[in-house]
Amino acid sequence: MIAVHPEGKIMVRRCLVTLRPFRLFVLGIGFFSLCFLMASLGGQLSARRPGDSPFTIRTEVPGALEARGALRRMSELLELVARRVDALARPENGSERHRGQPAPDGWPPGAGLMERIQAIAQNVSDIAVKVDQILRHSLILHSKVSEGRRDQCEAPSDPQFPDCSGKVEWMRARWTSDPCYAFFGVDGTECSFLIYLSEVEWFCPPLPWRNRTAPPTAPQPLPKAQAVFRSNLSHLLELMGSGKESLIFMKKRTRRLADQWALAAQRLARKLGGAQRDQKQILVHIGFLTEESGDVFSPRVLKGGPLGEMVQWADILAALYVLGHGLRVTVSLKELQSTLGVPPGRGSCPLTLPLPFDLIYTDYHGLQQMKQHMGLSFREYRCRLRVIDTFGTEPAYNHEEYATLHGYRTTWGYWNLRPQQFMTLFPHTPDNSFMGFVSEELNQTEKQRVKAGKAHNMAVVYGKEASIWKPQGKEKVLSILSAHMEVHGTVFYESQRPPEVPAFVKNHGLLPQPEFQQLLRKAKLFIGFGFPYEGPAPLEAIANGCVFLQSRFSPPHSSLNHEFFRGKPTSREVFSQHPYAERFIGRPHVWTVDYNNSAEFEAAVKAIMRTQVEPYLPYEYTCEGMLERIHAYIQHQDFCAAPAPAPPGAGAPKSPFVLAPNATHLEWARNASLAPGAWPPAHSLRAWLAAAGRACTDACLDRGLVCEPSFFPFLNSQDAFQKLQVPCDSTEWEMNHLYPAFAQPGRECLLQKEPLLFSCAGASAKLRRLCPCRDFRRGQVALCRACL
């Protein structure tokens, strides 16, 4: 224990007793005086701009007279308090002196309370005199400078800056609406408005009288660091952070796949042959995990909630890291603001520093947060964005003006980005870039073990939530299935409330991923009941040797007839639960049948039981396939370059195409020079005139090709129609996501006026669309045969 001297206790008690109320009042007055003085000077010191010294005093002192008068009144107030307290203070001072207390250090011997008050008042008076001298000098200097600048602080009439005067008017009325303007030095004067609008923003021309010293000659830029493949993911796990169930899930997945990522990196390195790759600095902001967006996923990780988004984000982080790029990961708004350099305030002002990242990967929630907090910098840097978008965003929904005028405006669209900046879970719309994810790949030994351990009469139902069993119409299907196979489920439930599933279903509850994989390796059939749409689980099942059975939708599901798709920025029609599996994998691994036809369903079940299949995983969903695809995107996609122009008029360049020998389509002429910077390479282009009512997406797939929207500018001319021997009686340029196209009734050639509206999606019974197609590598639909 600590010993306390008795005299110490007496001193503390005596100190507390002598702190009488009026003494506290006097101390408060002194403290208030000091605070007011600091605030008076601080008002002049704080209105500084980036680059000013903390001790820089500006000449703009519009509040000098008010500050000087306030300080004088403060001094008079203290003197008045001193006189009125004098009568109350003397008896107590006398009693204290009678007690023989020594005066504190710094006070004259025998000084009582009255003397202390007078000393404080004298100090404040002295400070006021000195401040008055400073402010007088500043005011004189300010008046001289103001006289010289009065005619130079008016909004200039410059045709190169047509919005300047309007922005100055706005600043006059609204500059106090956001503290960020004061942070950049705006103080309500015309000069501060013009300085801000010319040096922080770019609406006004630079002011000639500003003392802008010429910047030193910039040194030659250093060579960019080269990206080197990584095989150890320990540092990535640290970058991902912790504290959320969703992050725990993602880190477990990354650890489990670490060996496969390392092996894939070795394979891709050999394929690239030591080619030089610039290292990119990349910000990854997972907006849906922030508290501000609700973070609805984390609480549901352990309760059977959707995991597809977290699977994809975990794999994106791993791929970017393994490729050797610099990463910064944020999962909160506060982290995002600090990382970007957002000034204090409500997000109206640009960032305080140039953006230090070459690329930003985020989602729609993060996109909204960046727009709210980056001010005009969002417009400047949005070309660096890559938006992870599960179901895709079609150009008609992305273009704000067009979407508003034609009824395509939704909750998630109208961002005016280049459509290929949106990156999807599956390659269902070529207008966007296909990002994808990874499924675990079995080696040959594991494949043989899986084949030997299959139970040919075991089925696992797709879905972890009990709601998938509730819709009517499944009784007959389940009855047929249970008559031939043992039915298993993985439906989440709490111990006191078992899920409402049929009695013949053996429910395992929510399984960890390794245990779920083991269940799939035993099962013969993985069956879907229509929901969830386009998730990772069917690919995982096929990779583990299961056959996937799904229902065919008639009519197809879309935003027009199904609540799930309503509000999503796409008009895509979904003809089955998993269109990718149906279209790009197919039988014998994927069977799509009409569940309303009992005979067809039962025949499919019996056929599947007899069919022997090998575990199969498309290359694009392996670690190597994803690394290869993201590498190609980072190396070749540049959305900061101006979009290809689509100017109206007869002066449009002629297309470098020739009619194919069979006269069915256009090909790139052999003697034509390749378009510089074009990616995919232009020689992979094939142009077809689709049938009326057919979208370019389907028209290209019908010919074993895929639609390539980046080739639309090459076809957007009357010359392309003439080479296809299509007669154009007239030509019109308009904003329409279906153009370029040919209108048969009027023999009219319709060309695209807005480059952001070039779209592979969409069709009209009145139009034959001119479609740019390209070849693709088997198992890697995102890349052409000559692309890497």
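## Terms and basis of the model

Two strands are taken to pair if DSSP finds at least two bridges between them, and the strands themselves (E, at least two residues), like the helices (H or I, at least four residues), are DSSP runs numbered from the N terminus. An open sheet of six strands, with parallel pairing, has the order β2-β1-β3-β4-β5-β6.

The model is predicted, so that local features need pLDDT of at least 70 and side-chain atom pairs count only at pLDDT 80 or more, while totals for chains, interfaces and linings use all residues. Residues are numbered from 1 along each chain as its sequence is written, and side-chain values use heavy atoms, with hydrogens and water left out.

## Overall composition

The protein has 26 helices and 21 strands. Of its 788 residues, 49% count as buried, where buried means under 20% relative accessible area, exposed means over 50%, and partly exposed lies in between (1.4 Å probe, protein chains only). Among the contacts in the protein with a separation of 6 or more, 72% are accounted for by residues 24 or more positions apart, a contact being heavy atoms within 4.5 Å.

Helix α11 lies across β1, β2, β3 (359-362), β4 (385-388) and β5, and runs at about 170 degrees to β1. Such angles run from 0 to 180 degrees between N-to-C directions, and the axes are lines fitted to C-alpha atoms, for helices over the stretch in contact.

## Two helices packed on α23

Two packed helices are described by the angle between their axes and the distance between the axes. The axes of helix α11 (residues 308-322) and helix α23 (residues 623-636) come within 10 Å and cross at roughly 70 degrees, and α11 and α23 are therefore roughly perpendicular to each other; under the convention used, angles under 35 degrees count as roughly parallel, over 145 as roughly antiparallel, 65 to 115 as roughly perpendicular and the rest as oblique. The crossing of α11 past α23 is right-handed, a term that applies if the near helix is turned clockwise from the far one by less than a right angle, with anticlockwise giving left-handed. Asp315, Ile316, Ala319, Leu320 and Val322 of α11 make the contact with Met626, Leu627, Ile630 and Ile634 of α23. By class, this contact has eight nonpolar, no polar and one charged residues, with Ala, Val, Leu, Ile, Met, Phe, Trp, Tyr, Cys and Pro counted as nonpolar, Asp, Glu, Lys and Arg as charged, and the others, Gly among them, as polar.

Helix α10 (residues 258-272) also packs with α23, at an angle of about 50 degrees and with the axes 8 Å apart, which makes α10 oblique to α23. This crossing, too, is right-handed. On the α10 side, the residues that meet α23 are Gln260, Trp261, Ala264, Ala265, Arg267, Leu268, Lys271 and Leu272, and those they meet in α23 are Cys623, Glu624, Met626, Leu627, Glu628 and His631. The contact of α10 with α23 comprises, by class, eight nonpolar, two polar and four charged residues.

## Strand β21 and its antiparallel partners

Strand β21 (residues 767-774) is largely enclosed by the rest of the structure, because seven of its eight residues are buried. Strand β16 (residues 685-689) runs antiparallel to β21 and is joined to β21 by five bridges, with leucine 685 standing opposite arginine 774.

Strand β17 (residues 706-707) pairs with β21 in the antiparallel sense over two bridges, and cysteine 707 there stands opposite cysteine 773 in β21. Strand β19 (residues 741-743) likewise pairs with β21 in the antiparallel sense, over three bridges, and arginine 769 in β21 is the bridge partner of alanine 741.

## Covered helices and an exposed glycine

Helix α7 (residues 190-200) is mostly covered, with eight of its eleven residues buried, and the elements covering those buried residues include α5 (164-174) and α6 (179-183). In helix α19 (residues 513-522), the buried residues include Phe516, Leu519 and Leu520, and the cover over the buried residues of α19 includes α9 (245-256), α17 (444-452) and β7 (458-461).

Glycine 407, by contrast, counts as exposed because its relative accessibility is 66%. Glycine 407 is found in the loop between α16 (400-406) and β5 (422-424), and its C-alpha is 8.8 Å from that of tyrosine 397, ten residues apart in sequence.
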